[in-house]
Every structure is written in C-alpha cells, then in structure tokens.
Amino acid sequence: HQRPKLERYGETLFTVLKSARYLDESESVEFGEIHVFVGADFVVTVRHGEASTLDRVRRRLESMPELLCRGPEAILYAIMDRLVDDYAPVVAGLEHDIDEIETEVFGGKAGVSKRIYELSREVIEFQRATTPLVGILSSLIAEGAYQVDSEVRRYLRDVHDHALRVTEQVVGFREILQNILSVNLTLVGLSQNEEVNKLTQVS
C-alpha cells in the first residue's frame, strides 16, 4: 500500500506504480499496485491486485526486439505506457457515472448523496494514483538524471503527455462533483422547506 514513487538503490531503480480498472457491473474502480525493480540487465515486477496484469506488455515487448535492445528502462517504459493506457476506460467510466449522478440530482432521486460521496472517494483515490506518475515520468525524462536511453526518453515523453491529460481530467471531475454536491444539498434544503411549509399549512 505504497504511494507511486521512484527511488534509486545503488545501481537499481525501484518504482511503485498504481494500476486501475473500471468495473461495469458494480460501476466502481478497482486499484492494484506494481513494484518494478530495474537493474543493469534485469527487470523484476511484483504485482498486487487483479488490475495489474502485464501479459499484454510481455507479448508486445517480445514482438519488438528493437525496443528491448534499448535496455531495461525500455521495459519500464512499456509497463508505464500500458498502465496509462488502462486509465482511459477508468476516465470514461467515471465520466459516465458523473453524468448519471447529474441526471439523478435534477430528477430528485432519493439517496443520491451517498452515491456522490462514494464517487468522490473513488475520484480522490484515482487522483492519488495518477498525479505522482507525472513527476516520476518527468524525472526519467530529465537528461542525465537516470541515464535513460535517448530513444526511450522520447517514448516516455508521450506517456508523460497522456498521464498529464488524465490528471487534468481527474481534477475536473473533483470540481464537477463538488458542484453537484452543492446543488444537491441546495435542492434537498428546498425540498425540506416545502415539506415544512405543507405541514405548517395543514396544522
């Protein structure tokens, strides 16, 4: 249960990454964790959770010897690239859920407040998973910082751009949910006032 980070231990890089997947059945986000150890001639991954499978990464790398010859950091790039690609369905799922909640709020559906809080918690957790990744990628891209192959750095810049776009979308989600919550509280207040007025008239 570590936060995403990048550290160096001697000649070995250690990276903690957070994976995520959207579950349509429960309309929720499931998180996983990947620890990556990168040495001069090896890469070891330790995976936690169902959202962390890397079989597609391995198949991609085995079909691209020209990428593998760039060194172990190329494998780290491929893992991060897959991870960020997997964030796209999560973003789409959260966006869909937010649209549904907006409809429910203005439709006067009871119990929507609980769903708003649950979704806000998921968005916050997703933000904690994605935001540090931008800093990790920036460190790897910086010239001379980690002696990453120049071609791999170029690939990492694309991943960095995608990760940045995801973090910006997540920040937008948090703002929208805060606004929805405010509107919902206002509507609940108005509804309660109407009930009080009716009871007063009846009395």
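Predicted model: local features only at pLDDT ≥ 70, side-chain atom pairs only at ≥ 80, totals over all residues.
Let me begin with the rings: Y9, F14 and F37 are linked into a cluster by ring pairs, where rings of Phe, Tyr and Trp (its six-membered ring) pair if their centres lie within 6.5 Å, and planes under 30 degrees apart count as stacked, over 60 as edge-to-face and the rest as tilted. Residues are numbered from 1 along each chain as its sequence is written, and side-chain values use heavy atoms, with hydrogens and water left out.

A pair of aromatic rings is described by the distance of the centres and the angle of the planes. By the rule I gave, the count comes to 5 aromatic pairs. One of them is formed by Y9 and F14, a tilted pair with 6.3 Å from centre to centre and 50° between the planes. F14 is buried, with a relative accessible area of 7%, where buried means under 20% relative accessible area, exposed over 50%, and partly exposed in between, with a 1.4 Å probe and protein chains only. Another tilted pair is formed by F31 and F126, at 6.4 Å centre to centre and 45° between the planes. F31 lies in strand 3 (residues 28-38) and F126 in helix 4 (residues 112-141), so this pair ties together parts that are 95 residues apart in sequence. Helices (H or I, at least four residues) and strands (E, at least two) are DSSP runs, numbered from the N terminus. As for F126, its relative accessibility of 0% counts as buried.

Let me turn to the strands, where two strands pair if DSSP finds at least two bridges between them. Strand 1 (residues 5-9) and strand 2 (residues 12-23) run antiparallel and are joined by 5 bridges, and within strand 2 it is F14 that stands opposite E7. The hairpin of these two strands has 2 residues between them, and in it G10 takes a positive phi near 65°.

Strand 3 and strand 4 also pair in the antiparallel sense, over 6 bridges, and a hairpin joins them through 4 residues. The bridge partner of H35 in strand 4 is V46, and strand 4 itself covers residues 43-48. V46 is partly exposed, with a relative accessible area of 33%. Together with F37, F42 and V44, V46 forms a nonpolar patch on the surface, with about 290 Å² of accessible area together. Patches are made of residues with over 30% relative accessible area and no salt bridge, with like charges joined within 9 Å and nonpolar side chains (Val, Leu, Ile, Met, Phe, Trp, Tyr) within 5 Å, and accessible areas come from the Shrake-Rupley method with a 1.4 Å probe, counting for residues only the protein chains shown as cover.

Next come the charged side chains, where a salt bridge is a side-chain nitrogen of Lys or Arg within 4 Å of a carboxyl oxygen of Asp or Glu. By this rule the count comes to 12 salt bridges. One of them joins D55 to R59, with the closest N and O atoms 3.5 Å apart, and both residues lie in helix 1 (residues 55-62), 4 residues apart, about one turn of the helix. The side chains of R60 and D81 meet in another, at 3.0 Å from N to O, and this pair links distant parts of the chain, with R60 in helix 1 and D81 in helix 3, 21 residues apart. R60 is partly exposed at a relative accessible area of 28%, whereas D81, at 12%, counts as buried.

In helix 4, K114 forms a salt bridge with E118, the closest N and O atoms being 2.8 Å apart, and the two are separated by about one helical turn because they are 4 residues apart in that helix. K114 counts as exposed at 58% relative accessibility, while E118 is partly exposed at 26%. Salt bridges that share partners also join R56, R82 and D86 into one network.

Finally, a word on backbone angles: most residues other than glycine have a negative phi, and most peptide bonds are trans. E27 is not a glycine, yet its phi is positive, near 50°, and its place is in the loop between strand 2 and strand 3. Q147, also not a glycine, has a positive phi of about 50°, and Q147 lies in the loop between helix 4 and helix 5 (150-202).
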